[in-house]
Amino acid sequence: MSHHVSMVNRVMDAPMSRRTLLGLIGAGGLAAALTACAGPGSTIKRPVADLNFTEQKTGTISFEHWRGEDKEIFDSIIAKFHSKNPKIDVEQGISQSSDYQAQALQKLKGGRIGDVAPAFRGSQFESFVKAGLFADLSDTKLNDYYDPTLITAGNKNGAQFGFPYQIVLPMPLANADIMSKAGAGEAPSDWDSYLSLLDAIKSQGIIPISFPGASAGDSGQFFNSMVMNSSPVEDACSKIESGKLKCTDDWFIGMLKKYVELRPYTQDNIAGTATEPAQQLFASGKAAMLASGSYHIAAVRGLGAEFDIDLCPPICSDKGQEKFQGTYNATFILGINTGTEKAGAAYEWIDFLSQPEQASTYANGTAQFSSVIGVTYTNPDLKRIEPWLSKNNALAPRFQFLDLDLRNTVEASCVSVLSGTSPEQAAESAQRIVDERLKARS
């Protein structure tokens, strides 16, 4: 069955509602410094206007990214690409996601590596555009491959600098077998029901939630779900960054108090648990949930998980009062480095990736939903969680932060509370740093 997204008149930070998302399933410190350095010393190798995508269609291009678990799938797509374009080779360069987040801008400047590279939605995409790293692709046929309502995260000031290749559901993965034994036919829709589910899981001698607290990029995904029904406005994270809301506000402290209630339901040493050990707890059945998101399904399958996987976000609201049922994100924003010497070859690679056949191969091989029109989903995990795409989902609020260090500070307050710090103390410590950043900007 072909899945063609048919959403219209959406903006980047609008919620993904049942009506608008129905097309997806029913129709065919360092980071801030790097952002600030996008001035003197960050001159690009050539003006954007000099890039000619019809020339330089030979040679080896560098494709830099952070998805190590996708290497084999990309290798297979690269082999197919090379058979159709024998004069072009593609070499993958893969970094840890945290390293890519912090160092990619500096490494990609000048075009020595990363002729083609993705950006995370939010702060990294903004810094790439500000530094002149991403070429303007507004007038290319690449736009024809993608649903226009799902690529706004790659648009800046009316220009399309990149194309989000993935639609991610950054909500806790859940072992459907354990959930069923705990009496959960579907994910809870209020906070009391959520805690009751965690109690039922714990009574089986199973850790309810495996939390990768030592990995900021992954542990912060849980924050999306906690914020979506706790915040007074949908752009709360933007307002924290601008100083219009504070971590010491009642709503934020109230959310942190819910983290206190989660303490009995996580593994020991949360702050010291990195992503892979957290994944292993989940994959082995020792934990019922993994507090990251759908982008880790392939990884836990690789670790031997054989059970059905579903999603189970925390809902921080009373019964019948939830605004959102889940969260989604449009990310892995593919762009062409303005410093490339092989613009034509780089363009051909993105063009190939963006064709429905290749996007389908990628989606099904990596358990990632796609923003490409005409993708066919056959992956059993995607088909199982597909109904989540039609729920009322908020665009992941953590990516509203454009200052990565500030985002990490705010999210770290949540991990701190899980580890034993009082909500008030954690909130005050985070706000102190936010205030310092605001003062430094003024």
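Colleague: Why is Gln56 called partly exposed?

Modeller: Bear in mind throughout that this is a predicted model. Gln56 has a relative accessible area of 32%, and since buried means under 20% and exposed means over 50%, a value in between is called partly exposed. Gln56 is found in the loop between helix 2 (30-36) and strand 2.

Colleague: What makes the phi of Gln56 worth a remark?

Modeller: Most residues other than glycine have a negative phi. The phi of Gln56, by contrast, is near 50 degrees, a positive value in a residue other than glycine. Asn157 is listed in the same way, with a phi near 55 degrees, and Asn157 is found in the loop between strand 5 (155-156) and strand 6.

Colleague: How do you know whether Asn157 is buried or exposed?

Modeller: The relative accessible area of Asn157 is 75%, and because exposed means over 50%, that value places the residue in the exposed class.

Colleague: And what makes Gln160 a buried residue?

Modeller: Gln160, which is found in strand 6 (residues 159-160), has a relative accessibility of 6%, and buried means under 20%, so the word applies. A polar atom of the Gln160 side chain lies 2.7 Å from the backbone oxygen of Gly162. Leaving aside neighbours within four places in sequence, Gln160 is in contact with several residues, including Asp136, Ser138, Asn143 and Asn155.

Colleague: Why does Thr340 count as buried, and which side chain does its own side chain touch through a polar contact?

Modeller: Thr340 has 0% relative accessibility, and therefore counts as buried, the limit being under 20%. The side chain of Thr340 makes a polar contact with the side chain of Asp115 at 2.6 Å, which lies within the 3.5 Å cut-off for such a pair. A polar atom of the Thr340 side chain also lies 3.0 Å from the backbone nitrogen of Lys342. Thr340 itself lies in the loop between strand 12 (326-336) and helix 14 (343-353).

Colleague: Why is Trp66 called buried?

Modeller: Trp66 lies in the loop between strand 2 (59-65) and helix 3 (71-84), and its relative accessibility of 9% makes it count as buried. Leaving aside neighbours within four places in sequence, Trp66 is in contact with residues among them Ile94, Tyr100, Phe120, Gln124 and Phe332.

Colleague: Why are helix 4 and helix 5 called roughly parallel?

Modeller: The axes of helix 4 (residues 97-108) and helix 5 (residues 123-130) come within 10 Å and cross at roughly 10 degrees; angles under 35 degrees count as roughly parallel, and the two helices are therefore described in that way. The contact is made by Tyr100, Gln101, Ala104, Leu105 and Leu108 of helix 4 and by Ser123, Gln124, Ser127 and Phe128 of helix 5. By class, these are five nonpolar, four polar and no charged residues.

Colleague: What makes helix 11 oblique to helix 17?

Modeller: The axes of helix 11 (residues 250-262) and helix 17 (residues 404-418) come within 8 Å and cross at roughly 40 degrees. That makes helix 11 oblique to helix 17, because roughly parallel would need an angle under 35 degrees and roughly perpendicular one of 65 to 115. Helix 11 passes helix 17 in a right-handed crossing. In this contact, Phe252, Met255, Leu256, Tyr259, Val260 and Leu262 in helix 11 meet Val410, Ser413, Cys414, Val417 and Leu418 in helix 17, and these residues divide into 10 nonpolar, one polar and no charged.

Key. Residues numbered from 1 in each chain as written. Predicted model: local features only at pLDDT ≥ 70, side-chain atom pairs only at ≥ 80, totals over all residues. Heavy atoms only, no water. Helix = DSSP H or I, 4+ residues; strand = E, 2+ residues; numbered from the N terminus. Buried < 20%, exposed > 50% of the residue type's maximum accessible area, 1.4 Å probe, protein only. Polar contact = N/O pair within 3.5 Å; in protein donor to acceptor, adjacent residues only side chain to side chain. Axes fitted to C-alpha atoms, helices over the stretch in contact; angles between N-to-C directions. Parallel < 35°, antiparallel > 145°, perpendicular 65-115°, else oblique. Contact = heavy atoms within 4.5 Å. Nonpolar A, V, L, I, M, F, W, Y, C, P; charged D, E, K, R; others polar. Left-handed = near helix turned anticlockwise from the far one by under 90°.
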